[in-house]
Structures are given as C-alpha cells and as structure tokens.
Amino acid sequence: MTSSDRSQTVDVTRTYEVRTYGCQMNVHDSERLSGLLEDAGYVRAPEAAEGEADVVVFNTCAVRENADNKLYGNLGRLAPVKSRRPGMQIAVGGCLAQKDRDTIVKKAPWVDVVFGTHNIGKLPVLLERARVQEEAQVEIAESLEAFPSTLPTRRESAYAAWVSISVGCNNTCTFCIVPALRGKEKDRRPGDILAEIEALVAEGVSEVTLLGQNVNAYGSDIGDREAFSKLLRACGKIEGLERVRFTSPHPRDFTDDVIEAMAETPNVMPQLHMPLQSGSDTVLKAMRRSYRQERFLNIIRKVREAIPQAAISTDIIVGFPGETEEDFEQTLHTVREARFANAFTFQYSKRPGTPAAEMDGQVPKEVVQERYMRLVALQEEISWEENKKQVGRTLEVMVAEGEGRKDDATRRLSGRAPDNRLVHFSKPEEEVRPGDVVTVEVTYAAPHHLLAEGPVRSVRRTRAGDAWEKRNAAEAAAPAGVMLGLPTVGVPAPLPQAASGCSAV
C-alpha cells in the first residue's frame, strides 16, 4: 500500500466494528485492520452497539464446510440495518473473500468492499472509493503486496503480543485450503523480527508469541535450515522479554536444534503445541502429512527428555475420509502414549476446494460423532490426570485480562503458568494488574484449569503491568479517533481455541 493510500481519512468521525472468524493469523490480521481504520480516522464502536457501526468488517475463514453459510447469514441480518442507515458500509475480507471473490457481491449486493488475504492494507482506500463511486469495490491481490507487520495495528493487549515471522505455507495437506489462499511461505528477515520484539519490550510487552502458518519451517524462504532455532536463541538475549511462545509448528520440520534451543533458552516457555491430526499412518498418508506415528511420538519423547515439565497440546481430526475403526484406534493409542495436556479435537468437515472433500470413503456422521465422543472422553481423563500432577507445585503466573469468566463472582484472578496452563488464584489484598506476575501454590486441578486457593505468596509488579495501567489511562483520556502510538502487533490467544484449519498444520 502506498503512503497516499494510508493517509486516506474520513470526512467525519465514523465508527467501525471488525468481526473475526478462524485462526490466530486472522486474529492478528484483524488487529491490523483495526489499526488501519483508526489510522484513517475511524473510531471503534462500543461493544454494546454490535451491528450499529458505520463500517462493519468481516474477516472470514474458509476452512469449514459451512463457512459461507455463516457469512451470508450474518450479511443477511445486516441488510435491513444498512437499508435504514444511509452511509453504512460493509466489507468482507480474509480467506473466504480470497476464495469466493465476485460471488460475495453477487449473493450479497449490499456489500461495499471485498478484499483478500494479500491486500488487507487497502481497506481504508477501498471503503473511500466505494463511498465516492457508490459501487462495490472488489480487489483481490494474487500475491503479498507488503509484509503485514509493516501496517499500523491496534493491539488488544499492552503486555502480550503476536509477532509474525512468516506468512503462507508450502505444505499440501489434503484437508487444508490455506496454501491456496495465503500463498507460499514468505519469511521475514531475522533482524526485522528482532527489531519489532525489541520495540515491543521497550513499550512494556513481556510476552511474545512467534506466529506462522508453519512456524518452525521458518528459514526455508531465506535458505537457512536452522533459522528458527537461531531466532529462539536470539529472543533469549532480549533484556526484559520474559516469555516466548510459538505456534503452530509442523512435525516434519521439528528438528533437534529447535528442541535444544527451547531447553537452553530460559525465556522460551516449556510449552509446545504440536498438531497430530491422526495417529494412523494410513490416514496421515491420505492427509499428505509428511510424518508417521512413530516419528511424532519420538519428537514428544525428545521434548520431554530435554524439558521434563513441558506441557504439550495438539490438534486431532476425527473421521477423515477412509478412516476405519482400526485407524481410529491408532489415534487413541497415540493419545495415550503422548499424554497431551490438552487437545483441540475436531470432527472432519469438508473444506470446499480441498482434495479430501472429493475423496471416497466419507465417514457417516453418526460414526464420526461416536468416535469423537470417545476421543474427547479419553483426552479429558488424561488432561485431568496430568493437571493433578501440578497440585502442590509453586508456579509463577502472569496475570491475564479476561481469562476467568467467573473471577468477579469467585473473587479470584486468572493467568497463565509458564507452561500455558490456566490458573485461577485468590485475589490478593494488594493491587495486581494484567501483566504482573504472582507466585502461587496449586491446590486443586480440574481437566482444563488449576486452582490456587491459598494466599498469594508474592506479587511482582512489572513493566508490563505499568504498560497496561498507562494504556488504560490513555484510552480513558484520549479524544475519539486518536491512536495511542502502541507497537504494531497483536495479542496472542492462549492457544488456538476453536479453529483447526490455519493453525492445524
């Protein structure tokens, strides 16, 4: 995007709302979209005013069979709202926009702008062009125009941030449409990544999550097979950076030098999200996953040997075309052997445009559901057993914002342990801010969280907590439409939650 494009501003203060679907990459892109709009003079609409913003942006995902139905349903609900409000605009971007292009405007002619995954930076100028020309603007770039991290971004957190190290993917998994929509892998230069992290730390950020479609393949585009492990070690030298995480890696590219870097770099957290997808070699071959069960389990063994306290999570798809009961039993066997701290489990869903969608042997829905329930029950049992091992341990917990839905009612606060387990703890008498670190003793374990019911042993006020406090004060005092000058990256989710697709590489 040119500097003139980015300087486009609206005539009067207008509000915006961004609705995000899909993986972490989309979450990060949405924060860039928010930053672009605020840079152009728009103001975020209050959360209570959903659907009433002057500009509503849908950042879409295409990895589910019914993704388009969900989008058009939401667009349909906005049609009467727009008819009552002259000047309201609707924009659709993301993976589904990249895939469907002109179809969106044909099915929903009240949409003003359609843009793709490669040209999110054009949103403000496309909105202005649609307003002036009074016709829909559809612009889909076929390749990346500029690395997204160069764009202005409105982060949602003062203490934790995404840092993209690559975009795109070179894999050809038969269930995934991401490479067709995000393109081939393109890596950032290490110096640019480290400079961004250093700028974040200078602003108070204490935790970063390195983000890529296939994060540990980093280096393939710049010709260095050990680039990712070198990057992890370089992060360890950044003063003030307390926690480093990354997501999502691919077993094919998970090499010993990465395990060594994780074990030997103190601020790289003892946590790993390693997508399995299936424990059956037959199904893995049909998925075009370039590893087999034994290779996967060997990685898990090596990680645990080097980092005994590591919490390992995964993604699993149940009911892939051709999956037999024997294949599914191999998945259950792998889960028992790996003993994941948690697993993000999905019933296979056709991704239109993927080879798997046309494969023979589509498994009946009732069979998929029955297998899915068995897998969930097994993983719940293992997660609970693994969490019980944490009882009695003393943990440093980074206080988080919005992690505990019942915190107000229970007079607790919540945060993440180094291994990313969610910990609810008793609220101490002294003030504790998001980004601060507390030391607690775990007294109870549930399958999906830990409790520290005793008194907090210590509170460490941090620069990250200072940054959160400063940001809140600035937002309260800032006039409408003023950007806060925070670093241009996003806030990481604790782990991928409900979207396989992009993250489950």
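Lys82 is buried, with a relative accessible area of 16%; buried means under 20% relative accessible area, exposed over 50% and partly exposed in between, for a 1.4 Å probe and protein chains only. Lys82 belongs to helix H3 (residues 67-84). Helices (H or I, at least four residues) and strands (E, at least two) are DSSP runs, numbered from the N terminus. Apart from neighbours within four places in sequence, Lys82 is in contact with Met88, Ile90, Trp110 and Asp112, where contact means heavy atoms within 4.5 Å.

The structure is a predicted model, in which local features need pLDDT of at least 70 and side-chain atom pairs count only at pLDDT 80 or more, while totals for chains, interfaces and linings use all residues. Residues are numbered from 1 along each chain as its sequence is written, and side-chain values use heavy atoms, with hydrogens and water left out. pLDDT is the predictor's confidence in each residue, from 0 to 100. The protein chain has a mean pLDDT of 87, and 89% of its residues reach 70 or more. Over residues 1-10 pLDDT stays under 50, and the model has 20 contacts beyond four places in sequence for this stretch. Where pLDDT is low, the predicted coordinates should not be read in detail.

An open sheet is formed by six strands in the order E2-E1-E3-E4-E5-E6, with parallel pairing. Strand E2 (43-44) and strand E6 (137-139) each have a single partner strand and stand at the edges, so one side of each is left without a neighbour in the sheet. Two strands are taken to pair if DSSP finds at least two bridges between them. Strand E3 (residues 55-60) and strand E4 (residues 89-94) run parallel and are joined by six bridges. Within this pairing, Phe58 stands opposite Val92 in E4, and Thr60 has Gly94 in E4 as its bridge partner. E4 also runs parallel to E5, to which two bridges join it, and Val92 stands opposite Val114 in E5.

In a regular strand the side chains alternate between the two faces of the sheet. Both faces of E4 are covered, with Gln89, Ala91 and Gly93 buried on one side and Ile90, Val92 and Gly94 buried on the other. Six of the six residues of E4 are thus buried.

Helix H2 (residues 24-39) lies across strand E1 (15-20), E2, E3 and strand E5 (113-115), and runs at about 170° to E1. Axes are lines fitted to C-alpha atoms, for helices over the stretch in contact, and angles run from 0 to 180 degrees between N-to-C directions. Asn26 is located in H2 and is buried, with a relative accessible area of 1%. Not counting residues up to four places away in sequence, Asn26 touches Thr20, Tyr21, Asn59, Thr60, Cys61 and Arg182. The C-alpha atoms of Asn26 and Thr117 are separated by 9.1 Å, with the two residues 91 residues apart along the chain.

Helix H9 (residues 227-235) and helix H10 (residues 256-264) have axes that come within 8 Å and cross at roughly 5°. H9 and H10 are therefore roughly parallel to each other; angles under 35 degrees count as roughly parallel, over 145 as roughly antiparallel, 65 to 115 as roughly perpendicular and the rest as oblique. Phe228, Ser229, Leu232 and Arg233 in H9 meet Asp257, Val258, Glu260, Ala261, Met262 and Glu264 in H10. The residues of this contact comprise five nonpolar, one polar and four charged. Here Ala, Val, Leu, Ile, Met, Phe, Trp, Tyr, Cys and Pro count as nonpolar, Asp, Glu, Lys and Arg as charged, and the others, Gly among them, as polar. Asp257, Val258, Ile259, Ala261 and Met262 of H10 are buried. The cover over the buried residues of H10 includes H9, strand E11 (243-247), strand E12 (271-273) and helix H12 (293-306).

Strand E16 (residues 412-416) has four of its five residues buried. E16 pairs in the antiparallel sense with strand E15 (residues 394-399) over two bridges, and Gly415 in E16 is the bridge partner of Val399. Five bridges pair E16 with strand E17 (residues 422-426), again in the antiparallel sense, and Arg412 has Ser426 in E17 as its bridge partner. E16 and E17 form a hairpin with five residues between them. In the turn, Asn420 has a positive phi of about 80°.
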